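Have the sequence and the model open as you read.

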Amino acid sequence: MAPSKPLKLPLAVAEVDRAAELRSDLAYINSAWSSADVLLFSDEKFATANGKLFFTKGELLGGYQDQIDYFLGVKDSKPFFVRHLPSDHQVAGDFKTLREVGALLSAQDIGLAVHAQSVANWHKKHPRCAICGEKTLVALAGSIRRCPADQSEHYPRTDSAIIVLVKDEDDRILLGRQKVWPKNRFSTFAGFVEPGESFENCVTREVMEEAGVSLKEINYLGSQPWPFPASLMIAFEAITNTPELARPDGDEIEEIRWFTRSDMKDAIAQKTLILPLEISVARQMIKAWYGAGAETELAGNESWR
Ligand SMILES: [Zn+2]
């Protein structure tokens with residue numbers, strides 16, 4: 001079998017220049033604010049209008065506030081920021097999650113939203129210094145936090161997770177269902193990379209743990225951020241030469257199923273299979289394997305969980 005082509009992944013977007021060199025230029029940040037397009041974010045939700053992200057102008061929000069306004073970058077000289085509102089904010093509007101609106105957004109808006117959400121989630125969950133426990137302050141236009149007691153700098157955290165499409169030599173794919181998922185909801189195997197572990201070793205370990213098969217070939221397919229709250233999904237396909245040994249671990253994975261393309265087509269038609277969301281790596285890997293007809297024959301029946 002020839003290795004699959006690299007995946008084009010919906011959340012992997014870099015249309016806006018992050019312009020990291022401007023983060024320390026306070027004069028620029030302050031002057032850019034008034035004309036900037038600003039996202040509003042609070043508790044995993046963005047302000048939206050008509051199913052799209054709603055951008056307001058910095059000048060309508062008053063002055064730049066360095067503890068809640070994070071610089072996202074520049075495109076065609078236009079600056080972008082996100083204002084990170086507290087949970088009890090009084091801002092009116094239709095706030096929705098990226099999961100709800102993600103499939104409807106332009107690539108540029110998706111890139112901005114993923115960046116904004118990743119950094120905002122990190123600020124919210126890391127308010128204190130990991131060294132001395134003091135409350136830290138947002139610095140460099142939202143890109144780091146600094147401890148006022150010991151001056152240590154703290155950088156946003158990204159959790160690496162592998163995700164893998166397991167195939168056998170007959171080009172069937174193996175999907176699993178986690179205990180916590182609804183009936184008929186299946187997906188590819190995934191897991192966090194542990195300290196001191198390579199991506200490839202993590203793929204081998206996770207597939208053995210969750211599905212009981214060994215792998216003879218592993219190919220890299222691509223990566224995309226998954227800011228729920230702070231992951232980076234690194235995608236692979238892998239071929240097993242022991243498909244007959246496949247079994248669920250009974251702990252995290254309750255059920256596994258092998259699929260040919262016609263098995264999958266039938267299961268979708270009979271509503272005995274629910275696939276992951278369109279914006280997920282898992283969905284894109286399954287569609288790429290399925291090939292022609294994936295857009296229509298696998299449509300509908302998608303689930304977040
Ligand atoms: Zn400290």
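Look at the loop between strand 5 (69–75) and strand 6 (78–84), which is where Ser 77 sits; helices (H or I, at least four residues) and strands (E, at least two) are DSSP runs here, numbered from the N terminus. Ser 77 isn't a glycine, yet its phi is positive, about 70 degrees. Ser 77 is also exposed, with 7 other C-beta atoms within 10 Å. For that label, a residue is buried if 20 or more other C-beta atoms lie within 10 Å of its own, exposed if 12 or fewer, and partly exposed in between, with C-beta atoms placed from the backbone.

Before going further, bear in mind that this is a predicted model: local features need pLDDT of at least 70, side-chain atom pairs count only at pLDDT 80 or more, and totals for chains, interfaces and linings use all residues. Residue numbers run from 1 along each chain as its sequence is written.

You'll find Lys 271 in the loop between helix 5 (261–269) and strand 17, and it is exposed, with 10 other C-beta atoms within 10 Å. Another backbone feature to check is the peptide bond from Phe 228 to Pro 229, which is cis, with omega near 10 degrees. Pro 229 belongs to the loop between strand 14 and strand 15.

Now zoom out. The protein chain holds seven helices and 18 strands. Its radius of gyration is 22 Å, close to the 19 Å that the globule rule gives for 305 residues, so the chain is as compact as a globular protein of that length. (The radius is taken over C-alpha atoms, and the rule is 2.2 Å times the number of residues to the power 0.38.) Along its principal axes, the C-alpha trace spans about 65 × 45 × 35 Å. Of the 305 residues, 36% count as buried.

How is the chain divided up? The domain assignment gives domain 1 (20–154) and domain 2 (159–303), with bounds that come from an automatic or database domain assignment. The C-alpha centres of domain 1 and domain 2 lie 33 Å apart. Eight residues from domain 1 and seven residues from domain 2 make the contact, where two residues are in contact if their C-beta atoms, placed from the backbone, lie within 7 Å. On the domain 1 side, helix 3 gives the most, with five residues. That side divides into three nonpolar, four polar and one charged; Ala, Val, Leu, Ile, Met, Phe, Trp, Tyr, Cys and Pro count as nonpolar, Asp, Glu, Lys and Arg as charged, and the others, Gly among them, as polar.

What about the inside? The largest nonpolar core has 72 residues, and Val 164 and Val 166 touch the most other members. Such a core is a set of buried Ala, Val, Leu, Ile, Met, Phe, Trp, Tyr and Cys residues joined through C-beta atoms within 7 Å. Helix 3 (residues 107–125) supplies the largest share of this core, eight residues, and the core draws at least three residues from each of domain 1 and domain 2. Not counting residues up to four places away in sequence, the residues that Val 164 touches include Phe 189, Val 203, Val 207 and Phe 236.

From there, follow strand 11 (residues 159–167), which pairs with strand 12 in the antiparallel sense over two bridges; two strands pair if DSSP finds at least two bridges between them. Lys 167 has Ile 173 of strand 12 as its bridge partner. The hairpin of strand 11 and strand 12 has five residues between the strands, and Asp 171 takes a positive phi there, near 65 degrees. Five of the six residues of strand 12 (residues 173–178) are buried, so this strand is largely enclosed by the rest of the structure. Strand 12 also pairs with strand 16 (residues 253–259), antiparallel over six bridges, and Leu 174 stands opposite Trp 258 in strand 16.

Finish at helix 6 (residues 281–290), whose buried residues include Val 281, Met 285 and Ile 286. The buried residues of helix 6 pack against strand 11, strand 14 (215–226), strand 15 (231–240) and strand 17 (275–276). After helix 6 comes Gly 291, with a positive phi near 80 degrees.
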